[in-house]
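Visitor: I would like to walk through this structure in questions and answers. Can you show it first?

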Amino acid sequence: MSLVATSVVGVRASQFRSSASSSALLPALAHRTRAYRSLMTPAGSGRMRLQVRAARLESTGLSVGFRAPQFELPEPMTGKIWTLDDFEGSPALLVMFICNHCPFVKHLKKDIAKLTSFYMEKGLACIAISSNSVVTHPQDGPEFMIVDAEKFKYSFPYLYDESQEVAKAFQAVCTPEFYLFKKDGRRPFELFYHGQFDDSRPGSNVPVTGKDLSRAIDCALSGQELPFCWVQHQMEPVTGINNYRAWQRTYPFSL
């Protein structure tokens, strides 16, 4: 019989500066990762094992017209700080919440890179955000985000949301999660599509096509409205793995 106890761990949010380069960031990031790992092994004769349980979640429903929240996030690859205002001149903005380790994201990474590269040439602005806690998943930390971005040749900024405040503002609860915002003239970015990449899932034997997201982007860039059935479809939840919050730690104890 096992008893699962959950404790609360506070994690101080650090700040990145836009003038910092990726090489200057790495020593601090490595030190932080070691500090987090030390939290996982308490002092004393008994060794407490950290267990992280991945929960399969569905995204929350958002209404068409939901305005894109403001953000200010660092890109570990370059050290640059990105904000929503950086994309003011773009007709549409795709915001993706992803991470390195999630099996649902791994299933799509190559095709995400291809699809975004194709549409960015057509005028789409695109960013990806990782909000996962490095307490539970050090492999999702900034230094590994750089490795992933280089490996898959991401043409979009891959940003780090250490405090997870941006994820909360977007009401993002799982990875991957796709938000497509459209901008009409001087109006702010407003939600046009919040839905799946396509019907493919790990182990489903359904080929990855990106058809759902592609169709939404085509409509947004061409000034067309999504068909009514698609407006209904986009309200359906996106399936993925939960964003790992910094305050969640689960330890199993044997009785």
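Visitor: What span should the 12 residues of helix H6 have at 1.5 Å a residue, and how far apart are its end C-alpha atoms?
Guide: This is a predicted model, so the check is on computed coordinates. Helix H6 covers residues 211-222. The expected span counts one less than the number of residues, because each step of 1.5 Å joins two of them. That rule gives 16 Å for H6, and the distance between the end C-alpha atoms agrees: 16 Å.

Visitor: Which residue follows H6, and what is its phi?
Guide: H6 takes in residues 211-222. The residue that follows H6 has a positive phi, near 80°. That residue is Gly223.

Visitor: Which residues of H6 are buried, and is Cys219 buried or exposed?
Guide: An α-helix has 3.6 residues a turn, so residues three or four places apart point the same way. In H6 the buried set includes Asp212, Leu213, Ser214, Ala216, Ile217 and Ala220. Cys219 belongs to the set too. The cut-off for buried is under 20% relative accessible area, and Cys219 comes to 8%.

Visitor: Which strands does H6 lie across, and at what angle does it run to S10?
Guide: H6 lies across strand S5 (92-97) and strand S9 (177-182).

Visitor: What is the strand order of the open sheet, and which strands stand at the edges?
Guide: The sheet has five strands with mixed pairing, in the order S7-S6-S5-S9-S10. A strand at an edge has a single partner strand, so one side of it is left without a neighbour in the sheet. Neighbouring strands are turned by 25° against each other on average, direction ignored. The edge strands are S7 (158-160) and S10.

Visitor: How many residues of the edge strand S10 are buried?
Guide: S10 stands at an edge of the sheet. Even so, S10 is largely enclosed by the rest of the structure. The count of buried residues in S10 is six of the six.

Visitor: In which sense do S9 and S10 pair, and which residue is the bridge partner of Leu180?
Guide: S9 and S10 are joined over five bridges. Their pairing is antiparallel. The bridge partner of Leu180 in S10 is Tyr193.

Visitor: Where is His194, and which side chain does it contact?
Guide: His194 sits in strand S10, residues 190-195. His194 is buried, at 2% relative accessible area.

Visitor: How do S6 and S7 run, and which residue is the bridge partner of Ala128?
Guide: Strand S6 covers residues 125-130. S6 and S7 run parallel, joined by three bridges. In S7, the partner of Ala128 is Tyr158.

Visitor: Which strands does helix H4 touch, and what angle does its direction make with that of S7?
Guide: H4, residues 142-151, packs on the sheet. H4 touches S6 and S7. Its direction makes an angle with that of S7 of about 175°.

Visitor: Where does Tyr154 lie, and which residues is it in contact with?
Guide: Tyr154 lies in the loop between H4 and S7. Tyr154 is buried, with a relative accessible area of 11%. The C-alpha atoms of Tyr154 and Ala128 are separated by 9.4 Å, though 26 residues apart along the chain. Leaving aside neighbours within four places in sequence, the contacts of Tyr154 are Ile98, Lys109, Ala113, Asp148 and Ala149.

Visitor: Which elements do the buried residues of H3 pack against?
Guide: Helix H3 takes in residues 109-120. Its buried residues are Lys109, Ile112, Ala113, Leu115, Thr116 and Tyr119. These pack against S5, helix H2 (103-106), S6, H4, S9 and H6.

Visitor: How many disulfides are there, and how far from Cys102 is the nearest cysteine sulfur?
Guide: The count comes to zero disulfides. Cys102 is buried, at 0% relative accessible area. A disulfide needs two cysteine sulfur atoms within 2.5 Å. From Cys102, the sulfur of Cys99 is the nearest, at 4.9 Å.

Key
Residues numbered from 1 in each chain as written. Predicted model: local features only at pLDDT ≥ 70, side-chain atom pairs only at ≥ 80, totals over all residues. Heavy atoms only, no water. Helix = DSSP H or I, 4+ residues; strand = E, 2+ residues; numbered from the N terminus. Buried < 20%, exposed > 50% of the residue type's maximum accessible area, 1.4 Å probe, protein only. Pairing = 2+ DSSP bridges. Axes fitted to C-alpha atoms, helices over the stretch in contact; angles between N-to-C directions. Contact = heavy atoms within 4.5 Å.
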